Amino acid sequence: MESAAVEIDGSIMEGGGQILRVSAALSCITGAPINISKIRAGRSTPGLRPQHLSGLQLVSDLCSGRLQGAAIGSSELSLVPGKIRSGTHTADTQTAGSVCLLLQVALPCTVFADAPSQLTLKGGTNAEMAPQIDYTVKVFKPIVEKFGVHFDCDIRMRGYYPKGGGEVVVTVNPVKELQPVLMTDRGSITKIYGRAFVGGVLPFKLAKDMSAAAVRTIRKEIKELYINIQPLQEKDKACGNGNGIIIIAESSTGCVFAGSALGRKGVYADKTGIEAAEMLLRNIRHNGCVDEFLQDQLIIFMALAKGRSQIRTGAVTLHTQTAIHVAEQLTRAKFTITKCEDEKSSNVTFIIECEGSGVTNPYL
Ligand SMILES: Nc1ncnc2c1ncn2[C@@H]1O[C@H](COP(=O)(O)OP(=O)(O)OP(=O)(O)O)[C@@H](O)[C@H]1O
């Protein structure tokens, strides 16, 4: 007999697409059916958008699930998961919807499959309000490896707003269970590097201007490190026109942070570079071990791991609090957040602690 569905309120807290991704992935992994209502109710375009729909269809495909009510604009849907299937799976947002957000929902599921999976994900690789693919590879990947999650990502084609057309192929190895992670000591920043790109017909000068402005901005605060932000012209491997920048900082204790921005019509390239640099500086100033985005992206892995994880962060985001809320609804994980004031500096950090639910892969 099917167990009763867990009711998920899609309008709660952050009220965005992340509630769908965390709840669908956990439904797939734990086998608990879910009903989601009031999907993205507070957003200017409520209901499912193409990226959310293809992410949910991908999860349903991964777990041989029964997905009902899912269409563009839907405000309610249900998912009854089945067995997780390894092998090849494809998802296409058919827009510039982010492939990284497709991976965000699919990766935790494939980790609990019976054999390796290969995901072909199509859409935007460097899209607004989402990780750039370079973030997923350079920041997210080394940190989820600490939980035991291993994947490879082949960027076949880059795609930008509004055309999309990007494609990445991700291979994931399954694991028996995830291990907890301790990241409480930020250490010192040892390396800062990045890429500033133009794709399509945009002039290379934009890449050089973004890079130079970003380096100048970081230099005002960090003088002792060599900063290499490589200007790049994406030629054959880019669909449409786009420009952007990502700057990555690594610490002596293995923490990784980023600041990023994408070019917009009418915005000077310098400004895009400065925006990314300021984001990076803001994220290394607070002395936490993750940036404002990685925080929410790690919650699901903390909830699934066997044992106690602790991660020091800057201000806890609403995305993080929302992910915690959904994870506690669907697993036995218990989270606590403790504020830490450092007397020597004026820094305030938080420790997000989680007693993970210790989900075991039944297929291995
Ligand atoms: N600049 C960035 N770098 C890295 N990750 C980012 C960045 N911007 C956003 N993210 C991540 O992208 C995800 C966005 O989730 P969110 O629910 O806001 O998006 P969504 O699915 O597009 O839904 P909605 O349109 O409802 O907001 C979060 O995990 C967030 O951490």
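In β17, the residue standing opposite Thr313 is Phe350, with strands here being DSSP runs of E of at least two residues and helices DSSP runs of H or I of at least four, both numbered from the N terminus. That pair belongs to the antiparallel run of β15 (residues 308-313) beside β17 (residues 348-355), which six bridges hold together; two strands are taken to pair if DSSP finds at least two bridges between them. The model is a predicted one, with pLDDT of at least 70 needed for local features and 80 or more for side-chain atom pairs to count, while totals for chains, interfaces and linings use all residues. Residue numbers start from 1 along each chain as its sequence is written.

β15 also has a parallel partner, β9 (residues 182-183), joined to β15 over two bridges. Here Met183 has Ile311 of β15 as its bridge partner.

Next comes an open sheet of five strands with mixed pairing, in the order β5-β6-β8-β7-β12. Its edges are β5 (87-92) and β12 (238-239); each has a single partner strand, so one side of each goes without a neighbour in the sheet. Helix α2 (residues 50-62) packs on this sheet, where it touches β5 and β6 (117-123). Contact means C-beta atoms, placed from the backbone, within 7 Å of each other. The direction of α2 makes about 165 degrees with that of β5, with axes fitted as lines to C-alpha atoms (for helices, over the stretch in contact) and angles running from 0 to 180 degrees between N-to-C directions. Helix α4 (residues 133-147), for its part, lies across β7 and β8 and runs at about 175 degrees to β7.

Within the sheet, β7 (residues 150-159) and β8 (residues 166-173) run antiparallel and are joined by seven bridges. Phe151 sits opposite Val172 of β8, and Asp154 opposite Val169 of β8. The two strands make a hairpin with six residues between them, and Gly164 in the turn shows a positive phi of about 70 degrees. β7 pairs with β12 too, in the parallel sense and over two bridges; there, Arg158 stands opposite Ala238 of β12.

The contact between them draws 20 residues from domain 1 and 18 residues from domain 2. On the domain 1 side, α4 and β7 are the elements that give two or more residues, and α4 has the largest share, with six residues. By class, that side comes to nine nonpolar, five polar and six charged residues. Nonpolar covers Ala, Val, Leu, Ile, Met, Phe, Trp, Tyr, Cys and Pro, charged covers Asp, Glu, Lys and Arg, and the others, Gly among them, are polar.

The unreviewed UniProt entry puts "domain: RNA 3'-terminal phosphate cyclase insert" at residues 184-284; such positions follow the numbering used here, feature names are shortened, and annotations may be inferred rather than shown by experiment. That span is 32% helix and 38% strand, and its end C-alpha atoms lie 14 Å apart.

Finally, the ligand has 16 residues around it, of which Gly16, Gly17, Gln18, Pro131 and Phe293 come nearest; a residue is near if its C-beta atom, placed from the backbone, lies within 6 Å. The shell includes at least two residues from each of α1 (17-30) and α7 (294-304). Its make-up is six nonpolar, seven polar and three charged residues.

Conventions:
Two residues are in contact if their C-beta atoms, placed from the backbone, lie within 7 Å.
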